[in-house]
Amino acid sequence: MDKIIHATAQGGGVRIVAAETTALVNEAVTRHNTMPTASAAYGRMLTAGALMGSMLKGAQDSVTLQINGGGVSGGVLVTGRAGGRVKGYIVNPDADLPQNAQGKLDVSGIIGINGKFTVITDLGMKEPYVSSTPIYTGEIAEDLAYFYTVSEQTPSAVALGVLVDVDGSIQKAGGFIIQMLPGADEMLADLITYRLEEIPSLTTFLRDGNSIVEIIQYIFEGMDLNILSEGTPELYCDCTRERVEKALISIGEKDLQHLYDDNKSEELICHFCNTKYDFTHEDIGRLLKEIRS
Ligand code: ZN
């Protein structure tokens, strides 16, 4: 079951945000009909977006993550909000490659490594806060950990995993971000790094039927784990016909007139949720009338 938790360990020296996102990712990859490698890349980014979104306080706050290293995926963009709500898209849902040398889906291969990992945090100030780091491995979790360490000076361990079933559906998905808070004992970071190296991978834990709470309890056994909150991450979209109309109008009166004169209908698709919005010849005529009135 999808769940997102916030916790601390070692008397608050460590912050933990962790989630199972199987249903969420499954819904997204079904909507976008992604190929397996694209599903893995997209699912990891959605999970990262849900985790980071859940760290926001205000309902209007958002964090947008973007990765594009020149690979065949064309890049992935996700936006997370408070409560672990997330939306996003992969530019090329058909991006797929043979498995890599480790027998895993080649996420790095379809993302590419020549580009940036960008995080845009919008807290309702005049300007959003934009920060980016070079893509580190293109596997996404490492890129996010690198971003936190280099750009935010917050040493972090990040895991993001998506298991794609033989039928293309999502068997399991989830992730965690573990951060050392300022003033935390340096030995603590070493201890956690050591522990994470010793234990099975997050996807193995999930595949074996462990809940996200059980996994975090296992990792932080004997380390004063304190679960602060539990919630449900969700896929969302905020597109409406009105917004899509505005986008259509924004092509300009002249182009809209051309569409109308060609007696064409127009189909616009929301990048995020793949909903189709149809505009008939009459609809386009009405929009022309509106912008001229
Ligand atoms: Zn939408």
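Is Tyr146 buried, partly exposed or exposed? Tyr146 counts as partly exposed, because its relative accessibility is 27% (buried means under 20% relative accessible area, exposed over 50%, partly exposed in between, with a 1.4 Å probe and protein chains only). The views below come from a predicted model, in which local features need pLDDT of at least 70 and side-chain atom pairs count only at pLDDT 80 or more, while totals for chains, interfaces and linings use all residues. Residues are numbered from 1 along each chain as its sequence is written, and side-chain values use heavy atoms, with hydrogens and water left out.

**View 1. Phe117 and Phe147 form an aromatic pair.** A search of the whole structure finds five aromatic pairs (rings of Phe, Tyr and Trp, the last by its six-membered ring, pair if their centres lie within 6.5 Å; planes under 30 degrees apart count as stacked, over 60 as edge-to-face and the rest as tilted). The pair of Phe117 and Phe147 is edge-to-face, with 6.0 Å centre to centre and 70 degrees between the planes. Phe117 lies in strand β6 (residues 116-122) and Phe147 in helix α4 (residues 141-151), so the pair ties together parts that are 30 residues apart in sequence. Helices (H or I, at least four residues) and strands (E, at least two) are DSSP runs, numbered from the N terminus. Phe117 counts as buried at 1% relative accessibility, and Phe147 counts as buried at 2%.

**View 2. The rings of Tyr136 and Tyr146 are stacked.** Their centres are 4.6 Å apart and their planes are at 5 degrees. Tyr136 lies in the loop between β7 (129-134) and α4, and Tyr146 in helix α4, so this pair ties together parts that are 10 residues apart in sequence.

**View 3. Helices α9 and α10 pack against each other.** Helix α9 spans residues 253-261 and helix α10 residues 281-292; the angle is about 150 degrees and the axes are 9 Å apart. Axes are lines fitted to C-alpha atoms, for helices over the stretch in contact, and angles run from 0 to 180 degrees between N-to-C directions. The two helices are therefore roughly antiparallel to each other (angles under 35 degrees count as roughly parallel, over 145 as roughly antiparallel, 65 to 115 as roughly perpendicular and the rest as oblique). The contact (heavy atoms within 4.5 Å) involves residues including Leu256 and Tyr260 of α9 and Ile284 and Leu288 of α10. By class, it has seven nonpolar, three polar and two charged residues (Ala, Val, Leu, Ile, Met, Phe, Trp, Tyr, Cys and Pro count as nonpolar, Asp, Glu, Lys and Arg as charged, and the others, Gly among them, as polar).

**View 4. Helix α8 also packs with α10.** Helix α8 (residues 241-249) and α10 meet at an angle of about 75 degrees, with axes 11 Å apart. That makes α8 roughly perpendicular to α10. Arg241, Glu245, Leu248 and Ile249 of α8 make the contact with Asp283, Arg286, Leu287 and Ile291 of α10. These residues divide into four nonpolar, no polar and four charged.

**View 5. Cys270 lies in the loop between β12 (266-269) and β13 (276-279).** Cys270 counts as buried, at 9% relative accessibility. Not counting residues up to four places away in sequence, Cys270 touches Cys237, Cys239 and Thr275.
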